[in-house]
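Okay, thanks for coming, everyone.

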Amino acid sequence: MALTHRSSNLLRPFTTAVFSSTPSLRRPFSSSADDTTTITIETSVPFTGHKCDPPSRSVETSPKELMTFFRDMAKMRRMEIAADSLYKAKLIRGFCHLYDGQEAVAVGMEAAITKKDCIITAYRDHCIYLGRGGTLLECFSELMGRQGGCSKGKGGSMHFYKKDSGFYGGHGIVGAQVPLGCGLAFAQKYSKDETVSFALYGDGAANQGQLFEALNMAALWDLPAILVCENNHYGMGTAEWRAAKSPAYYKRGDYVPGLKVDGMDALAVKQACKFAKEHALKNGPIILEMDTYRYHGHSMSDPGSTYRTRDEISGVRQERDPVERIRKLILSHELATEKELKDIEKEVRKEVDEAIAQAKESPMPDPSELFTNVYVKGYGVEAFGADRKEVRAVLP
Ligand SMILES: Cc1ncc(C[n+]2csc(CCOP(=O)(O)OP(=O)(O)O)c2C)c(N)n1
Ligand SMILES: [Mg+2]
């Protein structure tokens, strides 16, 4: 049996059903005059609901939002490609899980919520951090273990945080962030501040027991918790159908409503997250299954080509790529020319290169920092830096 069994639905072509409420006039992206004009776009595929009536496929957007989606996703894509090179050059060490392919989830979710709403995720966290308003400089500094990083260079790739805009990490234990996310939702309900928490997890994590325990409590107490299953169809090298008896993750909450969403379509993600926020504030938890795809392997040690075919990867790139989808929408609505979009990509590339150069100037954490922000103090244990020479200290 081929390993890609049951994955043919990964290749779903873009819809051609795109319509606008305004005449398709040429609007240069640099002009802000009609940036807020309403454009109505149909999502690529309909939403599928479980114990709820799904929202409409017609999503309202604007030239400004589409241009922002394009720029933000291009920036995320470029950041991850640059991280790949930095890893290969040994400037990033340890774990590193890249998000390219899944960008529409990060930008679509942000477009539906505020920074008072909380997000918590697993280790594939770089782009979520950027979406929360983090800078490229903080990202690259953290990735390279520098003081200028969002966790002062002590967290690395898997542990990005930004509490001032409701981002609670960056977690390495599969599934463990889901109960924490429900705890955030408990605090939000307790303080009556009308905000919600998004707890992101993968299709592999969806089989974890603690997820169901947390969901039970969230449902009992009507917590404003939105569980977002980023179904990229693989947990490390294991295809979803080999790990899950039912890979219909949006239905796996049983008594909790769910929605299946095209996670490669930023506008569908926005619509679903808006719907979920309204639902969660009124009725308690809901599950969103985002049908998405990661182009890279699971982590830097996985070439990502032994358990899936190259045709599958290039097929998704050609048919469903989230950046290309927005590019096509912008071009078909004549909001910018191909050249203008290429120029944005060039600008983004420059921003990324500059951030990397600046991050390299940031010093490594001081050895005295080895023992701060940890729960348990050492017992005279010796600690070393990555190369076992540079940083060396004895835990107090
Ligand atoms: C409790 C636990 N078990 C196993 C691992 C090893 N592990 C790390 S990632 C991963 C796969 C998770 O896949 P998925 O939830 O689909 O997320 P994705 O990597 O696809 O984003 C596993 C088994 C772990 N980190 N924690
Ligand atoms: Mg997965």
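So, ligand 1 takes up the space of the second largest pocket. Keep in mind that we're looking at a predicted model here.

Let's start with the pocket itself. Its volume is about 410 Å³. What lines the second largest pocket? There are 26 residues, and the ones nearest its centre are Ala122, Tyr123, Arg124, Val174 and His298. If you sort that lining by class, you get 10 nonpolar, 12 polar and 4 charged residues. Two strands to look for are E5, at 197–202, and E7, at 234–235: each of them gives the lining at least two residues.

Now the ligand. Around ligand 1 we have 15 residues, with Tyr123, Arg124, Gly204, Ala205 and Asn232 the closest. That shell splits into 6 nonpolar, 7 polar and 2 charged residues.

Take arginine 124 to begin with: an N or O atom in its side chain is 2.7 Å from an oxygen of ligand 1. With asparagine 232 it's again the side chain, where an N or O atom is 2.8 Å from a ligand oxygen. Alanine 205 does it through the backbone, with a polar atom there 2.8 Å from an oxygen of ligand 1.

And how much of ligand 1 does the protein bury? On its own, the ligand exposes 590 Å², and 70% of that is buried by the protein.

That's my tour, thanks!

Key: Residues numbered from 1 in each chain as written. Chains lettered and ligands numbered in written order. Predicted model: local features only at pLDDT ≥ 70, side-chain atom pairs only at ≥ 80, totals over all residues. Heavy atoms only, no water. Near = heavy atom within 4 Å. Polar contact = N/O pair within 3.5 Å; in protein donor to acceptor, adjacent residues only side chain to side chain. Areas by Shrake-Rupley, 256 points an atom, 1.4 Å probe, with all protein chains shown as cover. 1 Å grid on protein atoms, 1.4 Å probe; cavity = no way out; pocket = protein on both sides within 12 Å on 5 of 7 lines; lining within 4 Å. Sits in = over half its atoms within 2 Å of the grid points. Nonpolar A, V, L, I, M, F, W, Y, C, P; charged D, E, K, R; others polar. Points joined across faces, edges and corners; volume = space filled by probe spheres on them. Helix = DSSP H or I, 4+ residues; strand = E, 2+ residues; numbered from the N terminus.
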